[in-house]
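Me: I would like to go through this model and ask, term by term, what each label rests on.

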Amino acid sequence: LAIDGDLVLALIARDERTNEALGMVAVSKMDVVIGGEEVPSVALAPLAVMPAFRQTGVAEALAGAAIDEMKRAGALLMFVLGEPGYYGRFGFSVEAAEGFESPYAGPFFMALELQGGLPCGPRGKADHAPAFAALSEEA
């Protein structure tokens, strides 16, 4: 993501006492179209926490900080591919992502409106950064 210029934000959670990395989240550019117009949009991924620090609130803090930062930056939509039961707590929903053309469309493809509304018009493409497609090609 960084090499391709698609990385928008990277946050790292660290232990203040030891400076040990606890987890990280990245946000990358997306190409999203609504009503034939490009809409400022991003993807939340990856979100990772070191095994010893899972279920301690680190991931929740990282995701929340990334969402807040993208709201301040003016992004309209944030997408995530993940467990609805987990990401729903942040306001992501499958319904918000419905109608967008994406190879990831389905029950785990979710979106979050960051500014409280979207432009009118039919939903078009929702393309993640090319680095994500490259991952599936390697698998």
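Me: How many aromatic pairs does a search of the whole structure find?
Reply: The model is a predicted one, and the search finds six aromatic pairs in it.

Me: What makes the pair of Phe 79 and Phe 109 stacked?
Reply: The ring centres of Phe 79 and Phe 109 are 5.2 Å apart, with 15° between the planes. A pair needs centres within 6.5 Å, and planes under 30 degrees apart count as stacked. Both conditions hold, so the pair is called stacked.

Me: Which parts does that pair tie together?
Reply: Phe 79 lies in strand β5 and Phe 109 in strand β6, so the pair ties together parts that are 30 residues apart in sequence. Both phenylalanines are buried.

Me: Why is the pair of Tyr 86 and Phe 90 called edge-to-face?
Reply: Here the centres are 5.7 Å apart and the planes stand at 65°. The cut-off for edge-to-face is over 60 degrees, so the label follows. Ring pairs also link Tyr 86 and Phe 90 with Tyr 87 and Phe 92 into a cluster.

Me: How do you know whether Tyr 86 and Phe 90 are buried or partly exposed?
Reply: Buried means under 20% relative accessible area, and exposed means over 50%. Phe 90 has 16% and therefore counts as buried. Tyr 86 has 22%, so it is partly exposed.

Me: Which residues have the most contacts inside the largest nonpolar core?
Reply: They are Val 27, Leu 44, Met 70, Met 78 and Phe 92, in a core of 24 residues. The elements giving two or more residues to this core are β1, β2, β4, α1, β5 and β6. α1 gives the most, with seven residues.

Me: What does Leu 44 touch, leaving out residues up to four places away in sequence?
Reply: Leu 44 touches Val 25, Ala 26 and Val 27, as well as Ala 63, Ala 66, Met 78, Phe 79, Val 80, Tyr 87 and Phe 92.

Me: What is the volume of the largest pocket, and which residues are closest to its centre?
Reply: The volume is about 190 Å³. Of the 13 lining residues, Val 49, Arg 54, Gln 55, Ala 59 and Tyr 86 are the closest to the centre. β4 and α1 each supply at least two residues of the lining, and the lining divides into seven nonpolar, three polar and three charged residues.

Me: What makes Gln 55 worth a remark in its backbone?
Reply: Most residues other than glycine have a negative phi. Gln 55 is not a glycine, yet its phi is near 65°. It is in the loop between β4 and α1. With 85% relative accessibility against a cut-off of over 50%, Gln 55 counts as exposed.

Me: Where is Asn 19 found, and is it buried or exposed?
Reply: Asn 19 is found in the loop between β1 and β2. Its relative accessibility is 52%, which is over 50%, so Asn 19 counts as exposed. Asn 19 also has a positive phi, of about 65°.

Me: Which value goes with the cis peptide bond from Ala 45 to Pro 46?
Reply: Omega is near -5° for that bond. Most peptide bonds are trans. Pro 46 lies in strand β4.

Methods:
Residues numbered from 1 in each chain as written. Predicted model: local features only at pLDDT ≥ 70, side-chain atom pairs only at ≥ 80, totals over all residues. Heavy atoms only, no water. 1 Å grid on protein atoms, 1.4 Å probe; cavity = no way out; pocket = protein on both sides within 12 Å on 5 of 7 lines; lining within 4 Å. Points joined across faces, edges and corners; volume = space filled by probe spheres on them. Helix = DSSP H or I, 4+ residues; strand = E, 2+ residues; numbered from the N terminus. Nonpolar A, V, L, I, M, F, W, Y, C, P; charged D, E, K, R; others polar. Core = buried A, V, L, I, M, F, W, Y, C linked by side-chain atoms within 4.5 Å. Buried < 20%, exposed > 50% of the residue type's maximum accessible area, 1.4 Å probe, protein only. Contact = heavy atoms within 4.5 Å.
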